[in-house]
Amino acid sequence: MKLSITMGALAASLVLSACSGGDEAAMPPPFALTEEAMGRYCGMNVLEHAGPKGQIILQQIPEAIWFSSARDTLAFTMLPEEPRDIAAIYVSDMSKALSWDVPGAENWIDAKKAFFVIGSAQRGGMGTEEAVPFSVEADAKTFAEKHGGRLVRFDDMPKDYILGSGSEAPTDGSAFDPEATSENAEGHDHG
């Protein structure tokens with residue numbers, strides 16, 4: 001009797017682990033960013049914009065939906081009119097980026113695993129506030145020290161920050177100054 005209970009428990013745990021491992025294995029890999037990538041919301045070539053990019057792959061469509069910014073990528077997941085059958089959400093891994101202007105064509109991270117800096121002085125692809133993604137928490141902290149902002153994870157991303165109007169880039173050029181910090185990073189209500 002004990003043997004059959006033990007065997008049953010072992011079989012159940014194997015099935016559960018196979019299911020959970022299968023979910024991750026079923027996640028499609030990211031696509032490489034090419035010149036053909038057009039932003040979902042702006043209709044412009046994604047490569048024409050600085051800062052982190054994003055892509056979403058739906059379950060029934062084997063191609064990427066491209067975004068000119070990581071923030072736009074996250075907005076897609078929050079908007080009620082967008083599809084819900086998301087198979088994968090990838091954002092540029094700024095821990096591996098060559099620079100802000102060249103975030104990389106193949107260095108993607110699962111958005112659900114990224115460390116995001118929000119409320120920084122750096123502006124995204126369309127000149128508005130950005131959610132800057134990193135695979136390494138220490139890199140995100142260093143970025144926040146230089147540019148202001150705070151760290152959040154995907155599940156804690158403030159909806160009002162992502163769907164808010166976003167502020168335009170400062171006209172004095174400080175948005176891209178590596179030594180600049182956000183004047184309102186501490187006082188900004190992120191929900």
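Two strands count as paired when DSSP finds at least two bridges between them. With that in hand, we can start at one such pair in this predicted model. Strand β1 (54-58) and strand β2 (61-67) run antiparallel, and five bridges join β1 to β2. Ile57, for instance, has Ala64 in β2 as its bridge partner, while Gly54 stands opposite Phe67, also in β2. The two strands form a hairpin, with two residues between them.

Gln60 lies in the loop between β1 and β2. Is Gln60 buried or exposed? Its relative accessible area is 66%, so Gln60 is exposed.

A second sheet comes next. This open sheet has three strands in the order β6-β5-β7, again with antiparallel pairing. Here β6 and β7 (150-153) are at the edges, each with a single partner strand, so one side of each has no neighbour in the sheet. The twist from one strand to the next averages 40°. Four bridges join β5 to β7, and these strands run antiparallel; Ile118 stands opposite Arg150 in β7. Helix α2 packs on this sheet too, touching β5 and β6, and its direction makes about 95° with that of β6. Helix α3 (residues 137-147) also packs on the sheet, with β5, β6 and β7 as the strands it touches. The direction of α3 makes about 25° with that of β5.

Why is α2 described as largely enclosed by the rest of the structure? Seven of its nine residues are buried, so the rest of the structure largely encloses it. Those buried residues are Ala70, Arg71, Thr73, Leu74, Ala75, Phe76 and Met78. Their cover includes β1, β2, β3, β5, β6 (129-134) and α4.

This leads to the interior. In soluble globular proteins, nonpolar side chains tend to be buried together. The largest nonpolar core in this model has 22 residues, and those with the most contacts inside it are Leu74, Val91, Ala111, Phe116, Ala131, Met157 and Ile162. Elements that each supply at least two core residues are β1, β2, α2 (70-78), β3 (86-92), β5 (115-123) and α4 (159-163). The largest share, five residues, comes from α2.

Finally, look at the aromatic rings. The whole structure holds five aromatic pairs. In one of them, the rings of Tyr41 and Phe67 have centres 5.7 Å apart and planes at 55°, so this pair is tilted. Tyr41 lies in the loop between α1 (2-26) and β1, whereas Phe67 lies in strand β2, so the pair ties together parts that are 26 residues apart in sequence. Tyr41 counts as partly exposed, at 37% relative accessibility, but Phe67 counts as buried, at 1%. Together with Phe76, these two residues, Tyr41 and Phe67, form one aromatic cluster.

Phe134 and Phe143 form another tilted pair, 5.4 Å from centre to centre and with 50° between the planes. Phe134 is buried at 5% relative accessibility, and Phe143 is buried with a relative accessible area of 11%. Charged side chains meet rings as well: the charged end of Arg71 sits over the ring of Tyr161, 5.6 Å from its centre. Arg153, in turn, lies over the face of Phe115, at 4.0 Å from the ring centre.

Conventions: Residues numbered from 1 in each chain as written. Predicted model: local features only at pLDDT ≥ 70, side-chain atom pairs only at ≥ 80, totals over all residues. Heavy atoms only, no water. Core = buried A, V, L, I, M, F, W, Y, C linked by side-chain atoms within 4.5 Å. Buried < 20%, exposed > 50% of the residue type's maximum accessible area, 1.4 Å probe, protein only. Contact = heavy atoms within 4.5 Å. Phe/Tyr/Trp six-rings, centres within 6.5 Å; stacked < 30°, edge-to-face > 60°. Lys NZ or Arg CZ within 6 Å of the ring centre and 35° of its normal. Axes fitted to C-alpha atoms, helices over the stretch in contact; angles between N-to-C directions.
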